[in-house]
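This report describes one predicted protein model. It begins with a single helix and moves on to rings, charges and cores.

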Amino acid sequence: MNYLTVEQISKSYGELELFSDLSFSIHKDQKIAFIAKNGSGKTSILNILSGDDSPDDGQVIIRNGLRLSFLSQSPVFDDNLTIEETIFNSDLPILKIIADYEHALLHPEDEDAYQKAFEKMDAQNAWEFELQVKQILFQLKLDQLDQKIKTLSGGQKKRLSLAKALINNPDLLILDEPTNHLDLEMIEWLEQYFAKAQITLFMVTHDRYFLERVCNEIIELDHGKLYTYKGNYSYYLEQKEARINNENVEVGKAKQLFKKELDWMRRQPKARTTKSKSRIDDFHDIKAKASQRRKDHTVQLELNMERLGSKIVEFHNVSKSFKDKTILKGFEYVFKKGERIGIIGKNGTGKSTFLNMLTHTIAPDAGKIVIGDTVKFGYYTQNGIEVKVGQKVIEVIKEFGEYIPLTKGRQISAGQLLERFMFDRKKQYDYVEKLSGGEQKRLYLCTVLIQNPNFLILDEPTNDLDIVTLNVLEEFLLDFPGCLLVVSHDRYFMDKIVDHLFVFKGEGEVEDFPGNYSDYREYEASAPAIIEESVSNAENASNQKQNDANKLSYNEQKEYKSLESKIRSLELDKKALEAKFNDTSLTQEQINKLSQELQVIINTIEEKEARWFELSEKFES
């Protein structure tokens with residue numbers, strides 16, 4: 001079933017042509033990744049598909065009645081709303097029913113409203129969907145539903161946008177870098193969610209494991225042309241290499257034929273028959289094909305590195321806290337030459353704070369951090385480059401000098417250096433604010449590396465970089481002789497360049513693990529799983545009763561199944577409400593109100609459990 005068709009679209013900004021005459025289609029159940037170099041218009045294409053922008057030429061045809069959700073890089077929300085109000089602000093009818101039920105839970109004194117909301121949940125069988133909503137919010141760490149949008153960080157807003165897109169249950173989901181601002185656990189959950197879900201996807205992502213495990217088709221925009229690969233990332237790499245090899249062979253044959261035809265043209269045959277005129281026309285086609293040349297300019301990194309002495313960085317009994325959140329507690333570590341350390345952990349466990357303490361941007365509460373005299377940090381932060389209005393790309397590099405030193409005593413001009421970072425002469429005189437997000441990140445990377453650091457600190461370096469740039473950066477880092485410290489949620493990147501990890505577990509605990517990310521996940525998977533006895537018993541009982549479900553009537557089977565969802569959903573409500581009692585600023589009136597709400601939920605759980613056991617008894621009779 002065709003969902004969306006793109007017909008010959010083009011887009012330009014002034015003299016800059018992003019793309020021209022592109023056509024493709026999206027069909028039900030496809031999971032498509034769109035790959036292109038930074039600056040080639042990936043985000044513009046997504047904006048056009050979602051209706052947030054329009055093409056200069058061509059059209060996008062969308063199937064009537066199609067539900068479409070779009071995850072943008074910069075979501076816009078009403079700052080005065082809460083997370084809950086934002087989530088339930090939807091035209092999806094079932095969300096309105098759930099919103100009314102959640103509202104009724106907060107006002108237990110209105111028993112009539114609560115009963116009506118409960119009956120609507122039953123009538124529409126909304127319990128399973130409500131549970132799914134809560135699980136999505138829980139996985140994306142958005143369980144503080146009364147939190148105002150204006151208090152959220154940029155990362156939290158991106159996660160909220162993702163949650164809203166998933167909860168809206170679209171037919172087609174368009175995603176712009178969905179893994180940005182997610183920690184590793186969230187990415188793995190989202191990966192599994194998409195791999196199993198019956199949902200149609202069209203996404204831009206640089207996460208190569210995500211591409212490998214989620215997508216079943218890849219569309220690449222390469223030198224102005226679209227190429228489609230019916231497979232995952234590994235298949236794409238194989239087929240692209242084969243395609244380029246074939247193109248090179250064809251160009252080689254065209255060059256040989258061109259020489260032959262050029263010789264014929266130079267002889268200037270006097271008799272111009274119909275056949276010879278046709279040959280002249282063919283000659284121009286052959287000349288064009290023979291002149292084809294791939295412009296695969298790749299980032300070339302061979303910058304000079306300052307000498308690194310024997311003393312590098314030492315942490316001695318370092319501790320750091322913010323109010324009631326502990327980041328480090330008595331942390332000890334001595335860095336050695338050539339170490340390549342990755343830092344992983346959930347959002348909010350202090351990874352970026354650790355980097356800021358290392359570079360003396362933030363002071364520790366206790367202990368001492370000693371930096372060797374020869375250490376020169378290169379710090380790539382998440383903030384990116386400082387964009388100055390009216391500043392051109394070439395001017396950014398010239399702030400570091402007209403000429404940049406390379407290895408072995410050589411040097412190159414600022415313009416030549418930018419060419420090595422894939423900024424051609426024309427692009428060097430563009431304004432920095434006009435660059436795409438990925439191009440700005442590539443320019444920022446250039447400014448960090450040309451300062452010749454011997455201790456590289458990279459905080460989420462893969463965000464917004466295209467796959468070509470990532471591959472070259474990885475090759476450079478593998479050859480980098482200094483120390484390397486990386487915070488990244490890109491598992492492929494981490495696996496390739498680090499050899500051990502600092503695992504931030506929260507509450508000041510940091511584990512030093514000898515291996516890369518995949519090694520760590522394998523280690524975790526091999527550890528004995530600890531499962532709560534009550535959950536295990538419930539699952540075993542549920543499985544046993546499912547085998548005997550034919551002993552119930554059709555309506556009782558439906559009720560039995562929905563009761564399990566209701567009870568799980570109510571248990572989540574109960575846990576969330578109990579957590580609110582930890583707030584020491586609560587007044588007695590607020591505590592009383594919370595207690596009433598909690599009692600209503602407890603009573604409802606007991607009632608539903610009693611009915612569940614009643615149905616269970618029928619299995620044994």
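Helix H11 is mostly covered, with seven of its eight residues buried. Buried means under 20% relative accessible area, exposed means over 50%, and partly exposed lies in between (1.4 Å probe, protein chains only). Helices (H or I, at least four residues) and strands (E, at least two) are DSSP runs numbered from the N terminus. The buried residues of H11 are Lys-351, Thr-353, Phe-354, Leu-355, Asn-356, Met-357 and Leu-358. Just after H11, His-360 has a positive phi of about 65 degrees.

The model is predicted: local features need pLDDT of at least 70, side-chain atom pairs count only at pLDDT 80 or more, and totals for chains, interfaces and linings use all residues. Residues are numbered from 1 along each chain as its sequence is written, and side-chain values use heavy atoms, with hydrogens and water left out.

**Aromatic rings**

Rings of Phe, Tyr and Trp (its six-membered ring) pair if their centres lie within 6.5 Å; planes under 30 degrees apart count as stacked, over 60 as edge-to-face and the rest as tilted. By this rule the count comes to 30 aromatic pairs. In one of them, Phe-315 and Phe-354 are stacked, with 5.1 Å centre to centre and 15 degrees between the planes. Phe-315 belongs to strand E10 (residues 313-322) and Phe-354 to helix H11 (residues 351-358), so the pair ties together parts that are 39 residues apart in sequence. Both of these residues, Phe-315 and Phe-354, are buried.

Tyr-333 and Phe-335 form an edge-to-face pair, 5.1 Å centre to centre with 75 degrees between the planes. Tyr-333 and Phe-335 are likewise buried. One aromatic cluster takes in Phe-315, Phe-331, Tyr-333, Phe-335, Phe-354, Phe-377, Phe-455, Phe-502 and Phe-504.

Two arginines lie over tyrosine rings. A charge sits over a ring if NZ of Lys or CZ of Arg is within 6 Å of the ring centre and within 35 degrees of the ring normal. Arg-213 lies over the face of Tyr-209 at 4.5 Å from the ring centre, and the charged end of Arg-243 sits over the ring of Tyr-227, 3.5 Å from its centre.

**Salt bridges**

Side chains of opposite charge can pair when their charged atoms come close. A salt bridge here is a side-chain nitrogen of Lys or Arg within 4 Å of a carboxyl oxygen of Asp or Glu. The count by this rule is 34 salt bridges, and the table gives some examples.

| Arg-491 | Asp-207 | 3.3 Å |

Asp-207 forms a salt bridge with Arg-491. Asp-207 lies in the loop between strand E7 (200-204) and helix H8 (208-214), and Arg-491 in helix H16 (residues 491-497), so the pair ties together parts that are 284 residues apart in sequence. Both Asp-207 and Arg-491 are buried.

Lys-496 is partly exposed at 30% relative accessibility, and Glu-475 is partly exposed with a relative accessible area of 41%.

Arg-521 and Glu-524 are three residues apart in helix H17 (residues 517-526), separated by about one helical turn. Arg-521 counts as partly exposed at 33% relative accessibility, and Glu-524 is also partly exposed at 33%. Elsewhere, salt bridges that share partners join Arg-208, Glu-474, Glu-475, Asp-490 and Lys-496 into one network.

**Cores and totals**

A nonpolar core is a set of buried Ala, Val, Leu, Ile, Met, Phe, Trp, Tyr and Cys residues joined through side-chain atoms within 4.5 Å. The largest has 64 residues, and those with the most contacts inside it are Tyr-101, Leu-140 and Phe-194. Helix H3 (residues 93-105) contributes the largest share of this core, seven residues. A second, separate core of 44 residues includes Leu-417, Tyr-444, Leu-458 and Leu-473.

Contact means heavy atoms within 4.5 Å. Leaving aside neighbours within four places in sequence, Phe-194 is in contact with Lys-31, Leu-166, Leu-173, Leu-175, Ile-199, Leu-201, Phe-210 and Val-214.

The chain has 20 helices and 20 strands, and 48% of its 621 residues count as buried. Among contacts between residues at least 6 apart in sequence, 68% join residues at least 24 apart.
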